[in-house]
Amino acid sequence: MEPIQHRETALRVIGICGSLRSNSYTRMALHIALRGAQEVGAQIQLIDLCEYHLVFCDGNQDESAYPPDVFRLRADVRQAQGIILGTPEYHNSMSGVLKNALDLMGFAEFEGKMIGLVSVSGGTVGAVDALNSLRNIGRALHAWVVPEQVAVPEAWKAFDTTGQPQHTVLQQRLMEVGRQVARFAYLHTSEQALDFLRAWESAPINPGAEKR
Ligand SMILES: Cc1cc2nc3c(=O)[nH]c(=O)nc-3n(C[C@H](O)[C@H](O)[C@H](O)COP(=O)(O)O)c2cc1C
C-alpha cells in the first residue's frame, strides 16, 4: 500500500470522546488510538464534546433552534475520513452524551467513512455491549466499522497518572485501532477504490433515516 502521505490532501482522522469527565479514561484511550493514526501519516484531532454546547436531538425538521455548536460539530466531523468513537460504559451501554451527539448527526457526517471503536469501564467485564451497539449504529449510518476494537476493563488501573497505559500490549492494541482506521480510510478514498465506493453509496436508502 502507498504511504498515506502521498495523497494530495492529508487524510484526517478524528476521535469523538463520549465522556465529559475531566481525567476521563475514554479520552486517554482515544489520545493513544489517534497516535496510531498519526503514526501512519494521518492528521488527527480529538473532538471533546465538553467543548461543544449541544442540546438533545429533538428529531424536528426545523433545526433553527439548534445552537451553533451543533453545526460546528457536524462541520468538524465532515472534514474527517476516519472517526474513532470512544465511550465509557454507562449501564451496559454507551454514554448518553455520545449517543445524543451521534443522533445530532447523520449520513452527511458518517456515510462511507471508516470508524474505529474504543471503550472503558469501571468493572471487570469491559464495555463490550457498548461497542456492539456502536457497531450497529455504524451500520445505520452507512459507515465501515473496522474489525479491531478495544474495550478497557477496570480503566482506573489501566492508565498511569500521565494518561499512558500501564502495559504496552494495551498501548499497541489502542494504536492499532487508529492505524486500521487511517489505513482503510486511505484505501477507501484512493482512486482505485472510487468505483466501488460510488456503487456502494448508491445502495438503497435507509428508510428509517433521512439523508441530509
Ligand atoms: C452513569 C454511570 C453508569 C456506569 N455504568 C457502568 C457499568 O454498567 N459497568 C461498569 O463496569 N462501569 C460503569 N460505570 C463506571 C464507568 O464505566 C467508569 O467510571 C469509567 O471510567 C467512566 O469513563 P471515563 O473515565 O471516560 O469518564 C458507570 C459510571 C456512570 C457514571
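1. Two strands are taken to pair if DSSP finds at least two bridges between them, and helices (H or I, at least four residues) and strands (E, at least two) are DSSP runs numbered from the N terminus. On that basis, the bridge partner of Gly15 in β3 is Ile84, while in β2 Gly15 stands opposite Leu46.

2. This is a predicted model, in which local features need pLDDT of at least 70 and side-chain atom pairs count only at pLDDT 80 or more, whereas totals for chains, interfaces and linings use all residues. Residues are numbered from 1 along each chain as its sequence is written.

3. The chain holds seven helices and five strands, and from the N terminus on its elements run β-α-β-α-β-α-α-β-α-β-α-α.

4. The five strands form an open sheet in the order β2-β1-β3-β4-β5, with parallel pairing; its edge strands, each pairing on one side only, are β2 and β5 (144-152). The twist from one strand to the next averages 15°, where axes are lines fitted to C-alpha atoms, for helices over the stretch in contact, and angles run from 0 to 180 degrees between N-to-C directions.

5. Strand β1 (residues 12-17) pairs in the parallel sense with β2 (residues 43-48) over six bridges, and with β3 (residues 82-88), again in the parallel sense, over five bridges. Helix α1 packs on the sheet, touching β1, β2, β3, β4 (114-120) and β5, and its direction makes about 160° with that of β3; contact here requires C-beta atoms, placed from the backbone, to lie within 7 Å.

6. Among contacts in the chain between residues at least 6 apart in sequence, 80% join residues at least 24 apart.

7. Around the ligand there are 15 residues, of which Ser19, Thr26, Pro88, Gly122 and Gly123 come nearest, a residue being near if its C-beta atom, placed from the backbone, lies within 6 Å of the molecule.

8. Buried residues make up 39% of the 212 residues in the chain; a residue is buried if 20 or more other C-beta atoms, placed from the backbone, lie within 10 Å of its own, exposed if 12 or fewer, and partly exposed in between.

9. Two histidines deserve a look. His91, in the loop between β3 and α3 (96-103), has a positive phi of about 50° although it is not a glycine, and counts as exposed because it has 9 C-beta neighbours inside 10 Å.

Definitions and conventions:
Two residues are in contact if their C-beta atoms, placed from the backbone, lie within 7 Å.
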